[in-house]
Amino acid sequence: MNIISNPLILDGRILTPELLVQTAKSNRPVELSDEAWNQISVSRSIVDNIVESGQVAYGVTTGVGSQKDFSVSSEAAAAYNLRLIKAHATRVPGPVLNPETVRGALIYMVNAFARGLSGVSKDLVQLILLKINTCDMPEIDASGSVGASDLVPLAQIAHWLLSSDEAKANGLPRAKEALSLINSNAISLTFGAEQLVEAERLLSAVD
């Protein structure tokens, strides 16, 4: 695997399929811009205010799906968020994702969080960056379904992240963070980026 030492600075806008695939395959370090960190702080403060006020907000102070009518107190938020992830992180026999695809999904995810629209904490984003930059990727199931989309593999990734000593030391997850971690198409979009880049390479070779 090639190593590129200069970091890729993400701001929620510059990431392209080519950059995503190149960074995931090269082990290039990933960081966030100062603007991105500010946006993350602002959006997290909104979530914290909702939790403190007890305002009804889907997935923040309530459950999700069939549990949407049940309230989740601030004291129960961490335990509820962990249960939500464990409930979706089921393992089945079959193929597993390429480690580069898992790393690509984390890069896509942290780039999405950089836009400041997900309400996650800076501690969670710092944890994801730490894992992207320093860790071997976990074994994640590649199987899924149309109805479940990326929920299962993303929940497995989230379970790996939140089982770490760093996550426990920082009191992760917090309110809404489980939903933000599993409710995206990070796996599918990374697959799509990989296929697009490969198709462009093949077309170039044919030409």
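## The model and its terms

Because this is a predicted model, local features are described at a pLDDT of at least 70 and side-chain atom pairs count only at pLDDT 80 or more, while totals for chains, interfaces and linings use all residues. Residues are numbered from 1 along each chain as its sequence is written, and side-chain values use heavy atoms, with hydrogens and water left out.

Helices (H or I, at least four residues) and strands (E, at least two) are DSSP runs, numbered from the N terminus. A residue is called buried under 20% relative accessible area, exposed over 50% and partly exposed in between, with a 1.4 Å probe and protein chains only, and contact means heavy atoms within 4.5 Å.

## Helix H2

Helix H2 takes in residues 34-53, and its 20 residues reach 29 Å from the first C-alpha to the last, close to the 28 Å expected at 1.5 Å a residue; the expected span is 1.5 Å times one less than the number of residues. The residues of H2 that are buried are Ala36, Trp37, Ile40, Ser43, Arg44, Val47, Ile50 and Val51. They lie on the same side of H2 because they cover an arc of only 140 degrees around the axis, where the arc is that of the directions from the helix axis to the C-beta atoms.

On the other side of H2, the residues Asp34, Val42, Glu52 and Ser53 are exposed. After H2 comes Gly54, which has a positive phi, near 75 degrees.

Two packed helices are described by the angle between their axes and the distance between the axes. Axes are lines fitted to C-alpha atoms, for helices over the stretch in contact, and angles run from 0 to 180 degrees between N-to-C directions. For H4 and H5 the angle is about 150 degrees and the axes are 10 Å apart, which makes H4 roughly antiparallel to H5; angles under 35 degrees count as roughly parallel, over 145 as roughly antiparallel, 65 to 115 as roughly perpendicular and the rest as oblique. H4 passes H5 in a left-handed crossing, a term used if the near helix is turned anticlockwise from the far one by less than a right angle, and right-handed if clockwise. Among the residues of H4 that meet H5 are Arg103, Leu106 and Phe113, and the H5 residues include Val125, Ile128 and Asn133.

With helix H9 (residues 186-206), H4 has axes that come within 8 Å and cross at roughly 115 degrees, and the two helices are therefore roughly perpendicular to each other. H4 passes H9 in a right-handed crossing. In this pair Glu100, Thr101, Gly104, Ala105 and Tyr108 of H4 meet H9 residues that include Ala186, Ile187 and Glu194.

The 13 residues of H5 reach 18 Å from the first C-alpha to the last, close to the 18 Å expected at 1.5 Å a residue. Leu124, Val125, Leu127, Ile128, Leu129, Lys131 and Ile132 are buried in H5, and the buried residues of H5 pack against partners that include E2, H2, H4 and helix H6 (151-162).

In H9 the buried residues are Ala186, Ile187, Thr190, Ala193 and Glu194. Seen down the axis of H9, they fall within an arc of 130 degrees, so they line one face of the helix, whereas Gln195, Leu203 and Val206 are exposed on the other side of H9. The buried residues of H9 pack against helix H1 (17-26), H4 and H6.

## Single residues in helix and loop

Val152 has its place in helix H6 and is buried, with a relative accessible area of 18%. Leaving aside neighbours within four places in sequence, Val152 is in contact with His88, Ala89 and Thr90.

Asn27, found in the loop between H1 and E2, has a positive phi of about 65 degrees although it is not a glycine. Lys176 is buried at a relative accessible area of 18%, whereas Asn27 is partly exposed at 38%.
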